[in-house]
Amino acid sequence: MSVQVAVNGYGTIGKRVADAVTLQPDMELLGVAKTSPNHEADLAVENGYPLYAAVEERVELFDEAGIELAGEVEELVAAADVVVDACPSGIGAENRSLYEAHDTPAIYQGGEDADIVDVSFVARANYGAATGADHVRVVSCNTTGLSRLLAPLEEAYGVEKARVTLVRRGGDPAQTGRGPINDILPNPVSLPSHHGPDVNTIFPDLDIDTLGLKVPATLMHTHSVNVTLEASPDAADVVNLLDEGDRTFLIPPEHGIDGAGALKEYAMDRGRPRADIWENCIWGESITVEDDDLYLFQAVHQESDVVPENIDAIRAVTGTADAAESVARTNETLGVGF
Ligand SMILES: NC(=O)c1ccc[n+]([C@@H]2O[C@H](COP(=O)([O-])OP(=O)(O)OC[C@H]3O[C@@H](n4cnc5c(N)ncnc54)[C@H](OP(=O)(O)O)[C@@H]3O)[C@@H](O)[C@H]2O)c1
């Protein structure tokens, strides 16, 4: 019997998660919910996804727009085995009581505070911690990218201290109101930034300091990473270690990929849906070890790296697969791994 999945919030993350759910042999997409009858509502209907109104007072807007609703979100949540909440930051916390009222386990996104959930989640790092949990948070795109990198380093060499500068995209491509347009902002200006403590929701004992900047870009985030290791591996060993991971893509030097623009072009050329890049993209040439200090650059696609994590979180919460099985199935069905 397939796991019946609801997606509440059908925007940047929600529509990707909904599509990914439909690719899983062990899941069924029961429906998606949103508040306004815009082009994404049309898309849901075109895709054959039952569309539910997230807010009762807005039902008539869908009627006026001629968009057929399957019902209201409460019915969707009641019927689902699990709900993925991909609403704007903070709305997930407001929705928590709805999910509790129907005993429906919920998976939230990184814009929610860690303290509204039982466990924060990255499949590579702590899949088992989410098994049977009622409220799980798939961490932010940046924390996902850092956790995927730090998990194998910690296991193979031990991490004494991580220091990361996050050069963050100003907004997603459709977020016309975000910026900066022509500036480079220390953001947040007070240091260290909140990103390190967010990584600690996955690795509580990890010593990590982070700094953030925002730049006029929409494509991806770029991380400048320095990890002091407890061992002194050769750079080639680190390359091999990171190359083994399915969700870490070592950019081959001969590809001539010099930044996020070329990475997105690479994804488009390979027919990725929405030019999504689910993997951490690590420049192999940047991997350098001096004594016990590792340095590298990686880029993460903010709109999509959390998508496979949401699929794995569904299996973790419902106890329908162990970590290895789930990750392998998610990777295969989505086509993760260039
Ligand atoms: N975008 C990223 O780069 C990114 C990366 C990682 C994690 N996240 C996190 O993922 C979450 C969602 O972000 P997003 O970027 O996907 O936001 P988004 O593009 O704004 O999508 C959220 C969608 O939720 C709908 N919505 C608004 N209020 C709602 C409600 N009360 N009930 C149901 N649906 C509602 C909105 O559509 P309607 O107004 O039409 O309902 C909107 O399309 C946030 O926690 C965010 O921090 C985002």
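Here is a short walk through this structure, from its sheets to a helix and the ligand.

Keep in mind that this is a predicted model, in which local features need pLDDT of at least 70, side-chain atom pairs count only at pLDDT 80 or more, and totals for chains, interfaces and linings use all residues. Residues are numbered from 1 along each chain as its sequence is written.

Let's start with an open sheet of 8 strands, paired in parallel in the order 4-3-2-1-5-6-8-7. Helices (H or I, at least four residues) and strands (E, at least two) are DSSP runs numbered from the N terminus, and two strands pair if DSSP finds at least two bridges between them. Strand 4 (71-72) and strand 7 (119-121) are at the edges with a single partner strand each, so one side of each has no neighbour in the sheet. Further in, strand 2 (residues 27-34) runs parallel to strand 3 (residues 51-53), joined by 3 bridges; here K34 stands opposite A53.

Across this sheet lies helix 11 (residues 307-318), over strands that include strand 1 (3-8), strand 5 (82-85) and strand 8 (135-138), and it runs at about 160° to strand 8. That angle is taken between N-to-C directions, on a scale from 0 to 180 degrees, with axes fitted to C-alpha atoms, for helices over the stretch in contact. Contact means that the C-beta atoms of two residues, placed from the backbone, lie within 7 Å.

Next comes helix 12 (residues 323-334), where S326, V327, T330 and L334 are buried. A residue is buried if 20 or more other C-beta atoms lie within 10 Å of its own, exposed if 12 or fewer, and partly exposed in between, with C-beta atoms placed from the backbone. Viewed down the axis of helix 12, the buried residues fall within an arc of 95°, so they line one face; the arc is that of the directions from the helix axis to the C-beta atoms. In general, an α-helix has 3.6 residues a turn, so residues three or four places apart point the same way. Among the elements covering the buried residues of helix 12 are helix 1 (12-22), helix 6 (123-126) and helix 11. Just after helix 12, G335 takes a positive phi of about 90°.

Turning to the ligand, 30 residues surround it, the closest being G11, T35, A54, Q109 and G111. A residue counts as near when its C-beta atom, placed from the backbone, lies within 6 Å. Helix 1 gives the largest share of this shell, 3 residues.

Strand 11 runs parallel to strand 9 (residues 159-169), over 8 bridges, and pairs in the antiparallel sense with strand 10 (residues 185-186) over 2 bridges.
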